[in-house]
Amino acid sequence: MKLTLDLHDIYNRGADIDRALRAVMDEAVAKKAPLVEIIPGKGSGALKKRVLRFLDQKENRALYHRVEKDVDNHGRIFVHFRWKGPSRRGR
């Protein structure tokens with residue numbers, strides 16, 4: 001399951017951006033989603049920097065495993081989660 005957040009509609013409303021990012025992170029944690037795709041768009045890069053700063057905050061950093069910036073499309077960011085499940089050792 002992959003969650004997607006497109007920020008094109010709210011690119012110029014700071015409070016709405018933070019609220020949307022927080023909501024998608026909370027939803028990923030609640031549903032134990034392995035991947036969240038955030039689409040800030042290809043504009044000047046200011047929105048992408050804002051998203052990366054949000055993800056780099058200490059309380060947000062604790063939620064996910066790693067962040068991947070799409071090499072082919074610099075207007076996408078992938079946030080990967082690692083959930084601990086039942087151990088498969090010894091099987």
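## Close-up views of a predicted model

**View 1. Helices α1 and α2 are oblique to each other.** The model shown is predicted. Helix α1 covers residues 14-31 and helix α2 covers residues 46-56. Their packing angle is about 50 degrees, and their axes lie 11 Å apart. The crossing of α1 and α2 has a right-handed sense.

**View 2. Side of contact between α1 and α2.** From α1, the residues G14, I17, D18, L21, R22 and M25 take part. Helix α2 contributes L47, R50, V51, F54 and L55. By class, the contact residues comprise seven nonpolar, one polar and three charged.

**View 3. Lining of the largest pocket.** The volume of the largest pocket is about 160 Å³. Its lining includes L7, H8 and Y11, together with P40 and G41. G43, S44, G45, A46, L47 and K48 are also lining residues. Of the lining residues, five are nonpolar, five are polar and one is charged. L47 of α2 also belongs to the contact with α1.

**View 4. Backbone at K32.** K32 sits in the loop between α1 and β2, the latter spanning 35-39. Most residues other than glycine have a negative phi.

View 5. Read from the N terminus, the order of elements is β-α-β-α-α-β-β. The C-alpha trace spans about 50 × 30 × 25 Å along its principal axes.

Conventions: Residues numbered from 1 in each chain as written. Predicted model: local features only at pLDDT ≥ 70, side-chain atom pairs only at ≥ 80, totals over all residues. Heavy atoms only, no water. 1 Å grid on protein atoms, 1.4 Å probe; cavity = no way out; pocket = protein on both sides within 12 Å on 5 of 7 lines; lining within 4 Å. Points joined across faces, edges and corners; volume = space filled by probe spheres on them. Nonpolar A, V, L, I, M, F, W, Y, C, P; charged D, E, K, R; others polar. Axes fitted to C-alpha atoms, helices over the stretch in contact; angles between N-to-C directions. Helix = DSSP H or I, 4+ residues; strand = E, 2+ residues; numbered from the N terminus. Parallel < 35°, antiparallel > 145°, perpendicular 65-115°, else oblique. Left-handed = near helix turned anticlockwise from the far one by under 90°. Contact = heavy atoms within 4.5 Å.
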